[in-house]
Amino acid sequence: MLLPHRVTAAELAPHWRGRERFVILDSAWGGGERFRAVAAAWRADAQRPGRLHYIAIADTAPPGFRRIPQPDDNLTLDLLHAPIALALTQLEARADAIILHGLAGLGDGFVRPLSKLAAPGTVLFAEGLDHQQQAALAKAGFGADAAGTSIFASRKPFAPPTVPAERRAIVVGAGLAGSAACERLCARGWQVTLVERHAQPAMEASGNLAGIFMPLLSRDDNIPTRLTRAAYLYALDYWEKLGGIGRAIAGDACGVMQLARDAGHARVQRSIAQLQPYPADFARWLEADQASAMLGSPAPDGAWLFPRGGWARPASVCAAMLAACGDRLNAIFGAGSVGIERHDGQWRVVGSSGGVIAQAPVLVLANGSSATEIPEAATLPLAKVRGQVSHLDEGTLPALPFVLCREAYLTPASNGVHSAGATYDLGDADPQVRQSSHDENLAKVRSLLADPGAAPDAPLRGRTGFRCVAPDRLPLAGALAEATPTGRAERLRDLPRHPGLYGLLGYASRGLIWAPLAAELLAAQLEGEPVPLERPLAEALDPARFMLGRARKHDIVAATPSRDIANERNA
C-alpha cells in the first residue's frame, strides 16, 4: 500500500544528490508555491544536480505546453495546460520524482500514462489518493520499499537516458535560426562553432528592418495554431531574458491589430472568440466600433488585438542571442560557400578551397534553403519564396499606435521609416527591389488604412529577401533522415537518420518566434531532456515527416495556406 505523504522541498534533496540532472513531475501546479520552494532548496544545496527540470500540470486555458525560461539556464519550468491523463500521454520525458496531489475524483485513468514516464528508481510522493488510485499505482509498479518510500520498479527493459559524449557542435548559418541554436546550446555548456558565409549575421532572410510577432488563431485550434502559440509565448519570455524588446533588442511590443477581411471572416473570428476564451493579454476580439476607435480609421468588420505582439529588428535579435553565448562560441564569418563531410565520427565543414573550416560530432544546418545544396539535405522539400518589403517615410502615413495587418502588415515608424509588406512571390528568384512589388505593397497599405490617398508618390525603397518554406508551412527541427529509407516507414522512429546531423529550417515568415523554441527543442533532444512541446507537435516539426509512407506528396507551388493561416505571409 502506498503511504500518503506531502513532500517538502527538503525531502527531495537526498534523491537528487549525485545526479547530473533531476526531473520532477508535479500533478497540480496550483499557484506555483511548491516549485518556488523546490527551486530555492535546489539553489541552496551544495550537492544539487547540475540541472533541475520541473514539470507541472496546470489549468487548461490556453491549452498546450508552455516552457517558461528561468533566470538560471540550469533550471527549467514546463507547465502542461491540459487534463492530466491527456497531458501525460503527450509528454516526452523521464521523471526522477513524481508528486501526486489534487487528483480527488479523477479516477485512475492517469496511472498508465504516468507509469510510462517513470523509470526504475523513480520516487513517488502521493497525497489524497483514493483506494482505487492507490491500487492502480501499485499494480503499475509503484510500491513501498523497506523504508516506506514509494519507488517504481518494473520488469520491462529501460534504456538509460542519453547523455552526449561530447558537447561540441557546428552551426551553419547566422540568421535567426542559427543564432538561436548557438545560444541554446551554449546555455547548456556546449562549445559551438558558428560558420556563416557572409561577413556578419542576419544578411539574408533575417536582414529586414522589422519583423512582426503575433500568435495564430483558428477555429479548431489546429496544429499550426498550437505550435505558433507555444513558440510565441516562449519567445516573449526568452526575449525578456535577453534584455527585452525595445531595450537590448530594437523593436516595440506595441501590440498588433489584425483586421478582419470581410463580414464572413468576422463571423468566423467571433466564433473563435466564443470557443476559445483567451486571456485578454493574449488576444481580444474587437467589434467594429472598438477597433475603429483604437485605429483612428474605419475597421468595418472588427479586428483581433494581440496586446503583447509587436515588431523587432531581426538583426538585433541575432546580436543579442550571439552575445549571450559568451566565450563558448567561436564565430567564423565570411566563410563563403561550404560543403560538409563525415570522417571518423565527426562532421567537417569544408570551404570552397577544400580546407576544413570546423569539425565536431554534431552539425546543425540553419542556413535556410541553401541547406538543400548539401547532398545529405538535398531531398528536403524546401522552397525559396521571394518577399519584398517597402520602406515608407514617416509622415506620409498616419502615426500608428501598433502594428496593423491583414493581407499585409504596416509597422509604426522607427528611425523615420514604416515597413510595409511583404509580397509572397512563389517561384520568383528576382533579388531586385522592383516597382510592381512596391505598388502591390502600397495598394495593401491603402486598403488597411481605408485611405486610397495614403503615401502619395512613395519612392521605390525597400528590401527583398527569400523565405525558406516547407510544404506544410511548418519549420523543420530535428535529426535529418537518410534520403532512401528501407521499406515502407509508417512511424518517424522507423526512419534511419544521419548520425549527428540536424536541421533548423523552413521558418517561412515567422522566424522571429520560431527560432527560440525550435532551438530549445533541438537542444533538449540532443541532451535527452524533456522536450518543450507535446509529442504530436514535436513530431509535426520532425524533418523526416515528409518521408513517411502514409504522407502525401507535397508540391510547394500548388500548396496554398488555409484561410485561417493566410496571414502567414504578412510577417
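Helices here are DSSP runs of H or I with at least four residues, strands are runs of E with at least two, and both are numbered from the N terminus. By that count the chain has 13 helices and 29 strands. Before going further, keep in mind that this is a predicted model, where local features need pLDDT of at least 70, side-chain atom pairs count only at pLDDT 80 or more, and totals for chains, interfaces and linings use all residues. Residues are numbered from 1 along each chain as its sequence is written, and side-chain values use heavy atoms, with hydrogens and water left out.

Let's start with the overall build. For 571 residues a compact globule would come out near 25 Å, and the chain's 25 Å agrees with that.

What about the inside? Buried means under 20% relative accessible area, exposed means over 50%, and partly exposed is in between (1.4 Å probe, protein chains only). Of the 571 residues, 56% count as buried. Contacts are pairs with heavy atoms within 4.5 Å. Take those between residues at least 6 apart in sequence, and 74% of them join residues at least 24 apart.

The chain exposes about 23,100 Å², with carbon and sulfur atoms supplying 52% of it. As for charge, Lys and Arg count as positive, Asp and Glu as negative, and His and the chain ends are not counted. Each charge is placed at NZ of Lys, CZ of Arg, CG of Asp or CD of Glu. That gives 58 positive and 57 negative side chains, and the centres of the two sets lie 3 Å apart.

Now zoom in on alanine 231, which sits in helix α7 (residues 223-242). This alanine counts as buried because its relative accessibility is 0%. Leaving out residues up to four places away in sequence, alanine 231 touches Ile513, Trp514 and Leu517. Leucine 512 is 281 residues from alanine 231 in sequence, yet their C-alpha atoms are 9.3 Å apart in space.

Next, the cysteines. A disulfide is taken as a pair of cysteine sulfur atoms within 2.5 Å, and a search of the whole structure finds 0 of them. Cysteine 325 is in no disulfide, and its nearest cysteine sulfur, that of cysteine 186, is 3.9 Å away. Cysteine 325 is buried, since its relative accessible area is 4%. Cysteine 254 counts as buried too, because its relative accessibility is 19%.

A few backbone details are worth a look as well. The peptide bond from glycine 421 to alanine 422 is cis, with omega near -10°. Alanine 422 is in the loop between β25 (417-421) and β26 (425-426). In the loop between β24 (409-410) and β25 you'll find asparagine 415, a residue other than glycine with a positive phi, near 55°. Asparagine 415 counts as exposed because its relative accessibility is 70%. Alanine 455 has a positive phi too, about 50°, although it is not a glycine. Alanine 455 lies in the loop between α11 (435-448) and β27 (462-469), and it counts as buried because its relative accessible area is 3%.

Methods. The radius of gyration is taken over C-alpha atoms; the globule rule is 2.2 Å times the number of residues to the power 0.38. Accessible areas come from the Shrake-Rupley method with a 1.4 Å probe; for residues, only the protein chains shown count as cover.
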